[in-house]
Amino acid sequence: MQADPTLTWNVGRDVGEVLEYHFMVNALLAGSIVAVMAGLVGWMMVLRRETFAGHTLSMMAFPGASGAALIGVPATWGYFVFCGAGALAIGRFSGGKSRSWSEQSATIGAVQALALALGFLFVNLYGGVLGGLDSLLFGTFLGVSDGQVLVLAAVTAGALVVLGGLARPLLFASVDADVAGARGVPVRSLSTAFLVLLGLAVAETSQITGVLLVFALLVTPAATAQAITARPGLSLWLTVAIGLVVVWAGLGVSYFSVYPAGFFITAFAFAIYVIARVIVGVLGGRSADLKAPAPESPPPRGVIA
Amino acid sequence: MLLCVMHWRRAVDQRQMSATERSGAEGPAIELDRAAVRVGGRTVWEDVSVSMARGDFVALLGANGSGKSTLLKAVLGALPLTAGRLSVLGRPPGEANRTIGYLPQRRSFDQGTRLRGLDVVRLGLDGDRWGLPLPFLPARRGPGARGPKARARVDEVIELVGASEYAGRPIGECSGGEQQRLLIAQALVQRPDLLLLDEPLDSLDLPNQAAVAALVGEICRDAGVGVLLVAHDVNPLLAYLDRVVYLAGGRAVEGTVQEVITGKTLSALYGLPVEVLKASDGRLVVVGQPEAPAHHHDRHDHHDHHHAHAS
Amino acid sequence: MFSQEFMRNALLAGTFIALACGVSGWFVVLRGQVFAGDALSHVAFPGALAAAAAGVDERVGLFAATVAVGAGIGALGRTGGAGAGRGAKMAAAAPADDAAIGTVFTFILGVGVFFLTLFSTSSGGGAGIQAAHTLFGSIFGLAAGEARLAAAVALGATLLTLAIARPLLFASVSPEVAAARGVPTRLLGVGFVALLGVVAAEATQAVGALLLLGLLAAPAAAAHRLARGPFAGIALAGLFAVVAMWGGLALAYAVPSLPPSTTIVVLAVGVYILAAFMGRRTVMMRGGAS
């Protein structure tokens with residue numbers, strides 16, 4: 001490894017240098033897979049306005065990791081159990097149309113607080129130090145093994161297959177729950193199923209990318225894409241594209257820098273989001289002025305005066 | 001209920017006397033003089049000269065986009081005029097808002113909203129006062145009285161609108177018509193001189209429309225409260241109306257129902273041939289162009305709804 | 001127990017912080033802004049780190065960051081409220097700005113980790129402990145002066161919330177009518193979230209950023225379930241929060257292996273669960289809504 005890698009303006013040389021090292025290649029592969037999965041699942045999450053639930057589920061990794069360490073089982077089990085349980089709890093206790101958003105969000109908040117409280121308890125009981133906070137939040141991209149990449153790819157493939165199967169009824173239920181329900185779509189079960197899917201996706205990816213980064217990749221590219229366009233096909237592609245770009249750029253830059261990849265990835269993603277919102281805002285304002293004044297409708301037919 | 005209304009009327013008479021003393025004139029409730037409003041670069045209406053007498057029941061009609069809500073907002077002082085004059089209860093718009101009851105367009109509460117109907121009504125009484133309603137502070141005169149007097153007023157107005165049965169329930173559990181009555185109570189609780197109602201009948205079924213129209217009519221007649229009510233359909237209001245203001249084509253026409261809702265007046269207003277037919281029971285049917293344009297953004301289809309119930 | 005100074009300090013600061021969280025939490029839950037509260041608690045951590053990295057008292061950073069972001073969220077978002085929009089199909093779902101909130105605060109946390117790295121490379125070590133304190137609180141480690149200050153700020157925030165309670169309620173429930181009556185709804189919306197920032201900054205010292213949520217959401221949610229009138233609800237929310245705080249502190253004192261932030265949150269959520277069951281039974285007894 002070069003003693004002191006520095007970023008030069010010769011992009012070709014920099015990229016070549018990065019790709020020389022197997023761990024970087026793995027990191028890029030893992031990052032790309034995560035970008036795709038988080039992008040697609042996150043797209044649905046943002047559409048369904050379940051960002052808070054998504055954040056809570058990603059926080060479940062904390063008690064998952066510390067609980068697993070306490071009992072002495074592999075961390076993976078902890079991640080999956082807690083994220084899955086969290087998803088079921090959220091689906092069961094804060095789902096359904098009869099609950100107002102205020103009640104739903106209060107419940108999700110309570111679930112999250114409880115999970116973090118338990119996580120902290122486990123850490124204390126385990127006697128471990130919280131020094132691993134950085135890697136918990138932002139993962140260990142640089143230590144990804146080939147095996148991990150393969151597992152990640154497999155889980156992603158499975159998740160996407162499930163998502164693909166659920167996509168149409170889920171979209172229907174997300175946009176118009178009443179009509180969908182009337183047409184026989186099991187809205188409530190689909191909701192819970194999606195949350196479980198989200199939870200499992202988070203559980204798998206956060207082991208590599210860390211808790212906060214997986215959430216960033218879930219929310220930001222999808223939020224950007226949906227702010228730019230309302231057309232589902234286009235915004236899906238945009239989401240994945242943005243995710244891939246920020247992951248590559250972030251990983252690439254972090255190679256040359258002492259700061260963690262997670263920071264750069266979230267920073268680039270946020271930058272793109274802000275730029276997109278500003279552009280859309282400016283363009284939207286402009287087009288409102290240019291639009292011809294909406295003509296008033298003529299007297300409607302019928303009994304109305 | 002009659003007792004309530006009589007008590008109400010007495011109280012309003014007393015207040016109206018002092019209000020008259022204060023403003024020094026018996027002037028119109030609302031007076032627009034060659035007024036115009038622009039919203040988002042577009043002139044909504046202009047050269048509008050309309051006067052509404054105190055205690056009158058006036059319907060504000062017109063198609064979607066004609067600026068009815070805009071007029072209400074101008075009366076409340078929420079939108080400034082770009083031309084002309086507007087005085088509300090003898091003062092510039094916005095100043096007299098404490099004596100105006102306002103029902104904005106179609107709010108419906110989340111199904112899970114747990115605040116009670118009577119809490120929502122209570123807000124109309126003193127929701128704009130800072131600090132907490134401490135029972136031991138001396139009672140103030142007029143609206144905003146504390147403690148048991150406030151509670152009594154709230155109960156009184158809830159009974160007036162006929163919502164006593166469900167006012168104690170979480171408002172999210174009430175039906176659309178019930179929520180509407182509670183919101184009318186909220187607008188009435190501080191004994192306003194003027195009621196502004198923005199499409200209050202819109203989301204109600206026909207029986208409820210008739211009931212709410214009757215309620216408002218009674219309040220207007222017995223308590224002397226002026227009512228400016230925005231509606232799409234004048235028919236439920238025919239029995240109670242004093243006058244009509246019709247907005248179309250950026251202009252307004254004002255007068256009695258017989259004067260305004262005629263083929264001649266409306267055709268002149270729209271600039272298109274419009275016919276007004278009168279059914280045998282007195283109901284009016286307006287027949288306009290054969291096709292509405294594609295971008296007609298009606299929220300829900302009144303026509304079919306009414307057609308289904310018309311027979 | 002009360003002879004120990006650290007316990008007295010913890011009780012002093014904790015009681016008033018719990019009160020502030022309960023009272024403002026009632027409005028947070030009403031307005032559906034729990035996510036914003038969560039976001040603000042996450043903002044506290046980078047704010048504190050940035051201040052520490054700049055060599056300033058970390059409390060300054062805490063407050064500056066949370067108030068600034070709070071005002072931003074308040075300005076960006078809708079006015080917030082218990083009522084839905086006109087016939088919105090997704091009336092029971094989150095407001096449209098939830099993705100924006102999520103985006104902003106993942107970024108800010110990323111910035112926090114940046115500072116963490118900066119801090120640890122520049123001063124070597126200490127950053128992890130710094131982070132832990134801001135995240136999970138150190139209520140048993142408060143000095144007397146700190147406890148008094150925290151109590152004073154929290155009390156001030158509580159009184160301010162109570163002072164604006166009525167107009168805030170009006171603006172949350174019937175925003176157009178309130179605006180017509182002269183209530184500054186927009187200002188109140190922004191101001192409230194900024195005030196929330198102050199509460200968040202305060203509470204991070206007690207239970208830590210990540211657990212602020214528990215004291216903000218659970219007692220208030222329980223109060224919403226049980227009490228009918230708004231002022232009864234506010235009082236109950238404050239009460240539940242304070243009870244959870246006292247119980248949690250006592251428990252943590254009695255059983256040293258249990259950290260106080262855990263016990264407090266578990267009690268608060270426990271109260272909510274209890275309230276949820278009780279609320280359901282009452283509905284069933286009444287035979288449900290007609």
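Student: Which residue stands opposite L228(B) in β7(B)?
Tutor: L196(B) is the residue that stands opposite L228(B) in β7(B). This is a predicted model, in which local features need pLDDT of at least 70, side-chain atom pairs count only at pLDDT 80 or more, and totals for chains, interfaces and linings use all residues. Residues are numbered from 1 along each chain as its sequence is written, while chains are lettered from A and ligands numbered from 1 in the order in which they are written.

Student: And which strands are joined to β7(B), by how many bridges?
Tutor: Strand β6(B), residues 194–198, runs parallel to β7(B) and is joined to that strand by five bridges, whereas β3(B), residues 57–62, is also parallel to β7(B) and has four bridges to that strand. Two strands pair if DSSP finds at least two bridges between them.

Student: Is β7(B) mostly covered or mostly open?
Tutor: Strand β7(B), residues 226–230, is mostly covered, with five of its five residues buried, where buried requires 20 or more other C-beta atoms, placed from the backbone, within 10 Å of the residue's own. G226(B), L228(B) and V230(B) point one way, and V227(B) and L229(B) the other.

Student: Switching topic, what's the strand order in the open sheet?
Tutor: The order is β2-β1-β4 in chain B, with antiparallel pairing.

Student: Why is one side of β2 and of β4 left without a neighbour?
Tutor: Both β2 (42–52) and β4 (83–88) of chain B stand at the edges with a single partner strand each, so one side of each has no neighbour in the sheet.

Student: What is R38(B)'s bridge partner in β2(B)?
Tutor: The partner is T43(B), and β1(B), residues 30–39, pairs with β2(B) over seven bridges in the antiparallel sense.

Terms used
A residue is buried if 20 or more other C-beta atoms lie within 10 Å of its own, exposed if 12 or fewer, and partly exposed in between; C-beta atoms are placed from the backbone. Helices (H or I, at least four residues) and strands (E, at least two) are DSSP runs, numbered from the N terminus.
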